[in-house]
Amino acid sequence: MPLTQIPLTERTGKFMHITDIKIRRLLHEGRLRAIVSVTVDDEIAIHDIKVIEGDRLFVAMPSRKEQNGIFRDIAHPISPAARRQFEDAVLDAYQRELARQ
């Protein structure tokens with residue numbers, strides 16, 4: 001059973017299902033708060049997702065630094081709605097893990 005489902009597009013009516021979220025590491029110093037892995041549709045895993053504390057908690061997708069010094073996401077939700085739902089699911093799992101500690 002999926003933890004959450006995210007509409008792929010309004011046109012198709014299809015959904016991406018987040019089937020697992022693992023909090024790989026919790027951190028208590030600095031802005032980085034957690035390293036997370038997410039499984040989608042029991043088919044693909046996205047590792048090195050970061051929970052970062054700034055003005056608010058937010059989710060940073062895995063990225064790499066290019067030669068020009070700019071960081072570019074390796075994988076990310078395309079639509080704002082998908083990004084919001086993905087971030088909500090990750091932050092909810094993070095909060096549950098904190099409460100469990």
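User: In which helix does Glu87 lie?

Analyst: This is a predicted model, in which local features need pLDDT of at least 70 and side-chain atom pairs count only at pLDDT 80 or more, while totals for chains, interfaces and linings use all residues. Residues are numbered from 1 along each chain as its sequence is written, and side-chain values use heavy atoms, with hydrogens and water left out. Helices (DSSP runs of H or I, at least four residues) and strands (DSSP runs of E, at least two residues) are numbered from the N terminus. By that numbering, Glu87 lies in helix α1.

User: Is Glu87 buried or exposed?

Analyst: A residue is called buried under 20% relative accessible area, exposed over 50% and partly exposed in between, using a 1.4 Å probe and protein chains only. Glu87 has a relative accessible area of 15%, and therefore it counts as buried.

User: With which residue does Glu87 form a salt bridge?

Analyst: Leaving aside neighbours within four places in sequence, Glu87 is in contact (heavy atoms within 4.5 Å) with Arg56, Phe58 and Val59. A salt bridge requires a side-chain nitrogen of Lys or Arg within 4 Å of a carboxyl oxygen of Asp or Glu. The closest N and O atoms of the bridge are 3.1 Å apart, and the partner of Glu87 is Arg56.

User: Why does the pair of Glu87 and Arg56 tie together parts of the chain, and how many residues apart are these parts in sequence?

Analyst: The salt bridge joins Glu87 to Arg56. Because Glu87 lies in helix α1 and Arg56 in the loop between β4 and β5, the pair ties together parts whose separation in sequence is 31 residues.

User: What is the order of strands and helices along the protein chain?

Analyst: The secondary structure comes to one helix and seven strands. Read along the sequence, these elements follow the pattern β-β-β-β-β-β-β-α.

User: How many bridges join β3 to β4?

Analyst: Strands count as paired if DSSP finds at least two bridges between them. β2 and β3 run antiparallel and are joined by seven bridges, and they form a hairpin with five residues between them, where Gly30 in the turn has a positive phi of about 80 degrees. β3 and β4 form a hairpin with three residues between them, and in this pairing Val38 stands opposite Ile46. The strands β3 and β4 are antiparallel as well, and the number of bridges joining them is seven.

User: Why is β3 largely enclosed by the rest of the structure, and how many of its nine residues are buried?

Analyst: Val36 is in contact with residues including Ile21, Ile46 and Val90, its neighbours within four places in sequence being left aside. β3 is largely enclosed by the rest of the structure because, of its nine residues, the number that are buried is seven.

User: How far apart are the closest N and O atoms in the salt bridge between Arg33 and Glu53?

Analyst: A search of the whole structure finds seven salt bridges. Arg33 lies in strand β3 and Glu53 in strand β4, so this pair ties together parts that are 20 residues apart in sequence. Arg33 is buried, with a relative accessible area of 15%, whereas Glu53 is partly exposed at 35%. The closest N and O atoms of Arg33 and Glu53 are separated by 2.7 Å.

User: What is the N to O distance in the salt bridge of Arg96 and Asp92?

Analyst: Being four residues apart in helix α1, Arg96 and Asp92 are separated by about one helical turn. Arg96 is partly exposed, with a relative accessible area of 46%, and Asp92 also counts as partly exposed, at 41%. Their side chains meet in a salt bridge with an N to O distance of 2.2 Å.
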